[in-house]
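Here is a short report on one protein model. Look over the sequence and the fold, then read on.

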Amino acid sequence: MKTEMQQLLERNRAWAESVSREDPDFFARLSQQQNPDYLWIGCSDSRVPANQIIDLPPGEVFVHRNVANLLHHNDMNALSVVQYAVDVLKVKHIMIVGHYGCGGVKAAVTGGECGIVDYWLHSVRELYSLHRPDLERLPLGEQVDRMCELNVRAQVNNLCRTKILQRAWQRGQPLAVHGWVYGLNDGLATDLDCSVTGLDQVSTLYRIDRVAPSGDD
């Protein structure tokens, strides 16, 4: 165990030395501030590294990752990242990025006992239940991949229903949310064409500027 950790530290030193040789001021610049235009909300899967996929250097992408790239309205971890990215860093784009063959999505589709992650994936299982009549005729692999797309679209909607984003739009802050899915077999990210760029695109029921029905306090 100690040898493995030592190897990682040695690889870190070799990487830092290599970067410094190519760009002597790189770490000095990076240490001053971060000013990214992008927030990446993706899956924890080790095969989906945010910066490498979109070929951007450190400091250009603010990143949050969890199992199956979910945005729960009671997840203080994710919401804190979103709030900091939107209100402090003033990112211009948020990408919610799923990936085909996602193990978390597959676990929600196939069921079984997965431990505490079952609670985390409950919303994905509910989403599958909603679309099951259309999906169950497909082979399992296609069901999972289709669910990966549907899950990304659902998380885009969830994010846009937060007050964090809606208040940003209300004050005129330029901000867009995009839904992507990444292919492990070809390394390509696909835009699912579900981008949201303003409060007017959010369902009325979930908007903070919704006028209360007559007779309500």
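Does Asp-45 count as buried or exposed? Asp-45 counts as buried, because its relative accessibility is 16% and the cut-off for buried is under 20%. This residue sits in the loop between β1 (38-43) and α3 (50-53). Leaving aside residues up to four places away in sequence, Asp-45 touches Arg-65 and His-99.

**Overall layout**

The model is predicted. The protein has nine helices and five strands. From the N terminus on, the elements run α-α-β-α-β-α-β-α-α-α-α-α-β-β. The C-alpha trace spans about 65 × 45 × 30 Å along its principal axes. The protein has 217 residues, and 39% of them count as buried. Take the contacts with a separation of 6 or more: residues 24 or more positions apart account for 63% of them.

**Helix α5 and its neighbours**

Helix α5 covers residues 103-110. Its buried residues are Gly-104, Val-105, Ala-107, Ala-108 and Val-109. What covers these buried residues of α5? The cover includes α7 and α8 (140-160). Just after α5, Gly-111 takes a positive phi of about 80 degrees.

Two packed helices are described by the angle between their axes and the distance between the axes. The table gives both values for the two pairs.

| Helix pair | Axes come within | Crossing angle |
|---|---|---|
| α5 and α7 | 8 Å | roughly 60 degrees |
| α5 and α8 | 9 Å | roughly 115 degrees |

Start with α7, residues 122-135. The axes of α5 and α7 cross at roughly 60 degrees, so the two helices are oblique to each other. The crossing of α5 past α7 is right-handed. On the α5 side, the residues that meet α7 are Val-105, Ala-107, Ala-108 and Val-109. Their partners in α7 are Val-124, Arg-125 and Tyr-128. By class, this contact has six nonpolar residues, no polar ones and one charged.

Now α8. Its axis and that of α5 cross at roughly 115 degrees, so α5 and α8 are roughly perpendicular to each other. Here too α5 makes a right-handed crossing, as it passes α8. From α5, the contact uses Val-105, Lys-106, Val-109 and Thr-110. From α8 come Leu-140, Gln-143, Val-144, Met-147, Cys-148 and Asn-151. By class, the contact of α5 with α8 holds six nonpolar, three polar and one charged residues.

**Cysteines**

How many disulfides does the structure hold? The count is zero. A disulfide needs the two sulfur atoms within 2.5 Å. Cys-148 is buried, at 3% relative accessibility.

Cys-194 gives a second case. The closest cysteine sulfur to its own is in Cys-160, at 8.8 Å, again too far for a bond. Cys-194 is also buried, with a relative accessible area of 15%.

Technical notes
Residues are numbered from 1 along each chain as its sequence is written. This is a predicted model: local features need pLDDT of at least 70, side-chain atom pairs count only at pLDDT 80 or more; totals for chains, interfaces and linings use all residues. Side-chain values use heavy atoms; hydrogens and water are left out. Buried means under 20% relative accessible area, exposed over 50%, partly exposed in between (1.4 Å probe, protein chains only). Axes are lines fitted to C-alpha atoms, for helices over the stretch in contact, and angles run from 0 to 180 degrees between N-to-C directions. Helices (H or I, at least four residues) and strands (E, at least two) are DSSP runs, numbered from the N terminus. Angles under 35 degrees count as roughly parallel, over 145 as roughly antiparallel, 65 to 115 as roughly perpendicular and the rest as oblique. A crossing is left-handed if the near helix is turned anticlockwise from the far one by less than a right angle, and right-handed if clockwise. Contact means heavy atoms within 4.5 Å. Ala, Val, Leu, Ile, Met, Phe, Trp, Tyr, Cys and Pro count as nonpolar, Asp, Glu, Lys and Arg as charged, and the others, Gly among them, as polar.
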